[in-house]
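Here is a protein model to walk through together. Open the structure, and we'll take it one region at a time.

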Amino acid sequence: MDELLWAGADAQARALRDGWVTAPELLELVLRRADHLAGTLNIFRTVYADCAREAAAAAQTRLEAGERLPLLGVPVAVKDDLDVVGDFTAQGGRPQFPVAEQDSAAVANLRAAGAVIVGHTRTPERCLWPFTESKTGGATRNPWHPAYTPGGSSGGSAAAIAAGIVGAATGSDGGGSIRIPATACGVFALKTTRGLISTAPKPEGWQGLSTIGPLGRRVADVGLMLDALADTRGFRSAVDSVPEPTRVALSWRTPLGVPKLAPAWRKAVLDAAATLRSLGHRVIEADPPLGVRPTPQFVIRYLRGVAEDVARLPHPQWLEARTRHIAAIGSRVPDRVLRWARDAEADLHARMAGFTSRHDVVLQPAWTRNPPEVGLFRSANLISTWLGVTARIPYFPTWNVLGYPVAALPVGHDNRGLPVGVQLIGQPGAERLLLSLSAQFEGVRPWATRRPAL
């Protein structure tokens, strides 16, 4: 039975359909493990034990009646930036609004697909950082090495999967916040094409930078989740399809140059390239023709987006000092500068047109070196935090500016036992190709069989 916790959401869905386990039995395993690891890893802000038990019992009744839905009875975690009816949405800080009277669109879609919502996972305050720590919620720890962060801002969701609590969870990504923790925790995840998954009832995040996406133990888990979260289907079936020979551009360059990579993270890219070549795909070194342009566009949209987010809060004085500092800077971004940043995105797409006609996918590094140790930025001010984190994650934000889909692909582990991985960037709407390609990669280099020693 305990093996089901490590099987992933897709395998759990099959087990439930085939009657190998009941939905209440599976949920009790999840709740027991979440409780067991709560003091060690601090993954959940809230666990909905009673509501989840009611949902699991109802799902089992439907299963026994012959009803079949993609996630019927499957326990799923939700990042604490999506509304779940009856709970606050805290986003890593003190709750600023009353409990939600209705689910966000993404959570409603999960419930419609039969998912059992287990709880809200931890985030940094306002989802701002690539580490999951806040003065309100404390520090979430990496299941592979609890001295290190699981990344952020979807760190609680990634850690819940890596720790064998749930097989899938939601995340959001405004500058790497799905891919950063996924590669730090050794799980698979997908930053989706802008607009694929509804952010309702909230407006687009951070001036269009942020999108919702799924994380899972295996590629199939993410495909199954995406079928539930998006208004279109066919993502889970893409996992089982064999991709045509794909043209892959291996790029070491960020908009600000080629950063120095720690050996393990550089090796991950070279290993991924070699594996893709062995599978019949063409991999050549080529850099997208973007120059430095994505960086100012990202910074402007990020700063203004954070300022607008904070301006909607009834009690901004409750926020941490560095959060208030970001918002203060962002509030000074003039409307004309913001319009320039939004309008300038069209030029980036035009510059990519010739490149994407020659290359289907871009392979890039993820982190430049290990995630930071827990507490490294606990007392740091805004500038120190910015300088400390940006050098580790320069490969992520470009694709938020463009709104492209990106897969976070586990590749291996370093000498500390921490996971390492890469990014596969597709063209807009190329989620099915990324899922198919990633599943083929997983078939010859499986990662989910290895587990942290908790």
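Let's begin with a pair of helices: helix 11 and helix 14 are roughly perpendicular to each other, because angles from 65 to 115 degrees count that way. Their axes cross at roughly 90° and come within 9 Å. Keep in mind throughout that this is a predicted model. If you want to find the pair, helix 11 covers residues 321-330 and helix 14 covers residues 382-390. On the helix 11 side, the contact is made by Arg322, His325, Ile326 and Ile329, and on the helix 14 side by Leu382, Thr385 and Trp386. Sort those residues by class and you get four nonpolar, two polar and one charged.

Now try another pair, helix 4 (residues 105-112) and helix 7 (residues 219-229). Here the axes lie 8 Å apart and the packing angle is about 110°, so helix 4 and helix 7 also count as roughly perpendicular to each other. Ala106, Asn109 and Leu110 reach across from helix 4 to meet Met225, Ala228 and Leu229 of helix 7. This contact has five nonpolar residues, one polar residue and no charged ones.

As a general rule, nonpolar side chains in soluble globular proteins tend to be buried together.

What does Leu363 touch, leaving aside residues up to four places away in sequence? Its partners include Val248, Ala249, Leu250 and Ser251, then Val269, Ala272, Ala273 and Leu276, and also Val422, Gln423 and Leu424.

How about the cysteines? Searching the whole structure turns up zero disulfides. Cys185 counts as buried, because its relative accessibility is 0%. Cys51, on the other hand, counts as exposed, with a relative accessibility of 54%.

Most residues other than glycine have a negative phi, and most peptide bonds are trans. Arg126, though, has a positive phi near 60°. You'll find Arg126 in the loop between strand 3 (116-121) and strand 4 (133-134), and it is buried, with a relative accessible area of 7%. Trp206 also has a positive phi, about 50°, without being a glycine. It sits in the loop between strand 7 and strand 8 and is buried too, at 12% relative accessible area.

That loop between strand 7 (188-191) and strand 8 (211-216) also holds Pro201. A cis peptide bond links Ala200 to Pro201, with omega about 5°. Another cis bond runs from Gly152 to Ser153, with omega near 10°. Ser153 belongs to the loop between strand 5 (138-139) and helix 5 (155-162).

Finish at Gly443, in helix 16 (residues 431-444). Is Gly443 buried or exposed? It counts as exposed, at 62% relative accessibility. Gly443 and Val219 are 224 residues apart in sequence, yet their C-alpha atoms are 10.0 Å apart in space.

Methods: Residues are numbered from 1 along each chain as its sequence is written. This is a predicted model: local features need pLDDT of at least 70, side-chain atom pairs count only at pLDDT 80 or more; totals for chains, interfaces and linings use all residues. Side-chain values use heavy atoms; hydrogens and water are left out. Contact means heavy atoms within 4.5 Å. Helices (H or I, at least four residues) and strands (E, at least two) are DSSP runs, numbered from the N terminus. Buried means under 20% relative accessible area, exposed over 50%, partly exposed in between (1.4 Å probe, protein chains only). A disulfide is a pair of cysteine sulfur atoms within 2.5 Å. Axes are lines fitted to C-alpha atoms, for helices over the stretch in contact, and angles run from 0 to 180 degrees between N-to-C directions. Angles under 35 degrees count as roughly parallel, over 145 as roughly antiparallel, 65 to 115 as roughly perpendicular and the rest as oblique. Ala, Val, Leu, Ile, Met, Phe, Trp, Tyr, Cys and Pro count as nonpolar, Asp, Glu, Lys and Arg as charged, and the others, Gly among them, as polar.
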